[in-house]
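Have the picture open while you read.

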There are 4 protein chains.
Amino acid sequence: MRVKINCDMGEGFGKYRIADDASIMPLIDQANIACGFHASDPVIMRDTVAMAADHGVAIGAHPSLPDLQGFGRREMKIPASDLFAMICYQVGALAGMLIPYGVSLSHLKPHGALYGMACRDADVAQVIADVAKQFDLPVLGLPNTLQEKTYVEAGVSFVGEFFADLEYQPNGHLAIVKNPASINAKSAATRAINAIKTGTTPAIDGSLVPVNAQSICVHSDNPGGLDLIKELRVRLGAIERVSS
Amino acid sequence: MRVKINCDMGEGFGKYRIADDASIMPLIDQANIACGFHASDPVIMRDTVAMAADHGVAIGAHPSLPDLQGFGRREMKIPASDLFAMICYQVGALAGMLIPYGVSLSHLKPHGALYGMACRDADVAQVIADVAKQFDLPVLGLPNTLQEKTYVEAGVSFVGEFFADLEYQPNGHLAIVKNPASINAKSAATRAINAIKTGTTPAIDGSLVPVNAQSICVHSDNPGGLDLIKELRVRLGAIERVSS
Amino acid sequence: MRVKINCDMGEGFGKYRIADDASIMPLIDQANIACGFHASDPVIMRDTVAMAADHGVAIGAHPSLPDLQGFGRREMKIPASDLFAMICYQVGALAGMLIPYGVSLSHLKPHGALYGMACRDADVAQVIADVAKQFDLPVLGLPNTLQEKTYVEAGVSFVGEFFADLEYQPNGHLAIVKNPASINAKSAATRAINAIKTGTTPAIDGSLVPVNAQSICVHSDNPGGLDLIKELRVRLGAIERVSS
Amino acid sequence: MRVKINCDMGEGFGKYRIADDASIMPLIDQANIACGFHASDPVIMRDTVAMAADHGVAIGAHPSLPDLQGFGRREMKIPASDLFAMICYQVGALAGMLIPYGVSLSHLKPHGALYGMACRDADVAQVIADVAKQFDLPVLGLPNTLQEKTYVEAGVSFVGEFFADLEYQPNGHLAIVKNPASINAKSAATRAINAIKTGTTPAIDGSLVPVNAQSICVHSDNPGGLDLIKELRVRLGAIERVSS
């Protein structure tokens with residue numbers, strides 16, 4: 001199986017942009033497209049879908065908690081059944097925008113605080129699993145967390161991802177830093193590819209964390225993100241495009 | 001062909017409600033469900049879809065201009081391609097929320113200012129037609145306006161509706177009144193059924209307006225709306241339920 | 001000192017309304033007016049301010065967490081300095097809308113989850129105190145909680161309130177019920193006036209809770225709220241109007 | 001009277017930013033701060049106010065139509081009395097955020113579509129004038145349009161501004177271009193200073209348009225905006241700071 005590169009895309013809003021999506025899209029395998037709850041709006045979603053379809057990039061839904069001002073990074077207490085409705089809404093909305101381009105959703109990947117909560121809270125992970133089953137989609141998530149465990153137990157296809165631009169805690173969870181330092185593209189690419197080859201990566205305390213990943217995630221708004229994607233693309237070889 | 005009753009449903013938001021949807025749902029044939037742009041949110045949409053599915057009521061998408069504060073009743077200038085994206089987003093979102101209930105969308109009906117603009121502006125009507133073709137849905141609209149003309153020319157199935165609780169201008173367009181008087185259920189029902197049987201209805205100046213309608217729309221938030229629906233239900237006979 | 005009646009007012013949004021403000025306004029002493037974050041919008045705020053000014057009712061700012069969909073009742077984790085900015089924004093906005101009516105703000109009362117958090121979390125109460133000092137306003141709050149303690153220690157004038165339509169826990173905090181039963185106006189009024197006269201009220205377990213209150217709060221959207229306000233008005237005597 | 005430089009500031013939202021406010025603030029005389037309707041949020045407003053206060057820059061309110069997704073650049077039909085309420089809300093909100101910094105509002109400048117509408121529509125200009133009178137503030141606006149005429153007739157102090165980075169129509173109105181070319185700082189500065197010195201500027205057809213301006217506006221998000229501000233600062237001499 002080919003190792004893939006995934007990237008969160010279309011995360012602007014109205015007049016705002018935070019990443020150079022036009023430069024990134026031709027270089028990635030999987031675009032996780034924001035659905036309007038933490039970022040994006042129908043116009044940006046349309047443009048991002050068009051760009052992905054044009055380059056044969058697989059399109060995933062990237063739903064979030066409803067928090068545009070906080071970019072979906074603030075935890076909120078929402079009953080599971082309401083959260084299920086919110087995520088169905090977002091995935092459906094993106095699916096609706098794919099129809100004119102003749103392409104289908106390829107996967108689901110929760111965003112920000114929702115992603116983090118799904119790693120630690122089985123009820124939240126179960127909601128993601130429930131949505132994935134309704135839409136019959138695999139989920140990109142963090143290996144060795146309640147995401148993997150819950151999805152697999154629910155019979156949902158799990159695709160582990162490795163975060164090329166983030167540090168890991170000894171328990172395998174991410175160590176989020178507020179103002180990430182610029183990334184050295186070559187060393188970050190080496191670290192990511194080693195993680196996938198060996199199935200382990202060094203945590204912040206030097207201990208080895210198991211990594212069961214088939215896709216490498218790069219954050220496009222990190223300083224140096226584009227260079228890292230270019231480096232990974234070269235090392236991983238040409239893209240395997242989806243047929244539209 | 002059976003004459004149907006359609007009603008805009010799920011038009012609350014958060015804690016707010018404007019109509020007694022639970023009493024209305026068992027009495028109507030077609031529920032036009034708000035999609036979050038003029039009213040509703042994922043939680044209300046879920047509850048409204050569940051109720052419609054439960055009663056075998058056909059579910060239509062009721063998209064709007066993006067204007068929650070103005071209830072979608074303020075005209076906005078939006079480029080056609082952006083409007084197309086906004087409506088695809090809404091229809092897709094509602095379609096996504098139907099999946100868990102095993103039902104499919106049955107039709108499309110634009111809301112408020114969008115509905116009025118589609119009567120008078122061929123470009124707006126064309127956007128509605130384009131969305132309807134993508135989702136392969138018929139459109140409920142106002143006969144003898146640019147809605148009917150544009151949809152039919154675009155090859156979209158058009159279902160004319162008669163507004164049982166609104167007055168008509170001599171040109172066949174609606175005469176919207178800000179604070180509608182309470183409706184007399186019996187006379188309004190008689191007027192609606194006559195309009196559909198004879199194919200004409202008296203306008204506000206007494207002249208006869210042609211009406212090519214297969215469905216009767218009642219606004220649930222009008223005073224007396226529920227009584228009118230009950231009266232129409234009795235006169236039109238039992239509901240023909242969709243099979244789920 | 002006269003016992004006052006306070007009520008949360010202007011809590012509609014756009015086309016939505018949840019209470020009969022026009023009937024309530026002439027009967028109360030203090031109107032806590034929503035500022036657009038959990039409910040209301042500039043048009044409703046203007047109308048509510050005009051009504052309060054017309055009846056000589058004291059106007060308080062009723063700021064909230066930013067959560068229109070959740071009516072400000074969902075807890076959110078927000079850094080204290082950001083919360084301070086959000087509340088200054090809301091209080092300033094309402095103050096700006098008073099200028100055309102020649103009246104000034106009389107007090108501050110946090111809403112919903114923000115109110116509850118300020119009872120239990122000294123950091124949140126301190127933010128409220130900081131805003132109150134900037135605007136030089138007393139704060140309406142719950143006696144015997146971190147609200148009273150924090151405000152008083154910060155040198156902010158504290159006005160205790162008794163909730164005529166809510167139950168109390170033995171520790172003096174409120175026992176919020178999701179779907180409150182309809183209130184018996186006479187017995188609820190008696191309970192409220194006794195609480196203020198005796199300085200204690202029975203909690204849900206029968207134990208006596210100390211109550212240091214100068215104002216009685218009634219929720220206008222509770223079933224029976226208007227009747228309770230009428231009963232209290234009769235028992236407490238005529239209103240002491242603010243001079244505008 | 002000294003010629004001043006004004007700039008729209010704090011026009012990010014949540015995580016988004018569109019200009020380098022930290023570099024611009026020390027160089028300008030007047031900061032028109034967004035109030036949350038077309039851009040900004042309480043956190044960004046606080047940070048922008050703090051920066052302006054720190055540099056002794058005069059703070060103006062920069063209110064807009066309610067249109068975050070369209071950056072306040074889409075015209076909306078809103079009744080005058082509602083528009084008045086919306087602008088009072090925004091100006092009051094910003095005023096509330098100034099209190100902790102011990103500074104006061106110095107002026108008012110409408111944003112985007114609201115600014116353009118006030119140039120052409122006397123009713124809209126009158127609403128701006130009405131708000132300015134309530135808050136006792138001068139208004140920055142476009143000379144030789146209904147803005148100047150209406151404000152002056154209403155007894156509101158009018159401060160004309162010249163747009164250093166925009167073209168003029170022969171009638172004195174602005175010629176808005178969607179994707180503005182990068183500006184040559186030296187020639188744009190020369191053109192602006194000539195306009196103010198001579199009281200005229202060449203329109204796009206070469207004809208001379210009268211300009212009665214005391215302040216030069218530069219858009220910080222235009223390519224080359226910062227360089228133009230630097231050039232103007234050098235030519236106009238040191239800043240005259242407001243005393244806080």
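Predicted model: local features only at pLDDT ≥ 70, side-chain atom pairs only at ≥ 80, totals over all residues.

**Where chain B meets chain C**

Start with the contact between these two chains, which takes 17 residues from chain B and 17 residues from chain C. Put together, chain B and chain C bury about 1300 Å² between them, with 66% of that on carbon and sulfur atoms. On the chain B side, B:Lys15, B:Tyr16 and B:Gln69 lose the most area to chain C, and together they make up 57% of what that side buries.

What kinds of links cross this interface? The rule finds two salt bridges between chain B and chain C, and it also picks out six residue pairs in polar contact. In one salt bridge, the side chains of B:Asp221 and C:Lys15 meet at 2.9 Å, N to O. Sorted by class, the side of chain B that touches chain C has seven nonpolar, five polar and five charged residues.

**Two helices in chain D**

Now hop over to chain D. At what angle do the axes of helices α4 and α6 cross? They cross at roughly 75° and come within 6 Å. An angle from 65 to 115 degrees counts as roughly perpendicular, so α4(D) is roughly perpendicular to α6(D).

Here is who does the touching:

| Helix | Residues in the contact |
|---|---|
| α4(D) | D:Tyr115, D:Ala118, D:Cys119, D:Arg120 |
| α6(D) | D:Leu146, D:Gln147, D:Tyr151 |

The residues of this contact split into five nonpolar, one polar and one charged.

Definitions and conventions
Residues numbered from 1 in each chain as written. Chains lettered and ligands numbered in written order. Heavy atoms only, no water. Axes fitted to C-alpha atoms, helices over the stretch in contact; angles between N-to-C directions. Helix = DSSP H or I, 4+ residues; strand = E, 2+ residues; numbered from the N terminus. Parallel < 35°, antiparallel > 145°, perpendicular 65-115°, else oblique. Contact = heavy atoms within 4.5 Å. Nonpolar A, V, L, I, M, F, W, Y, C, P; charged D, E, K, R; others polar. Buried area = accessible area lost by both parts, 1.4 Å probe. Salt bridge = Lys/Arg side-chain N within 4 Å of Asp/Glu carboxyl O. Polar contact = N/O pair within 3.5 Å; in protein donor to acceptor, adjacent residues only side chain to side chain.
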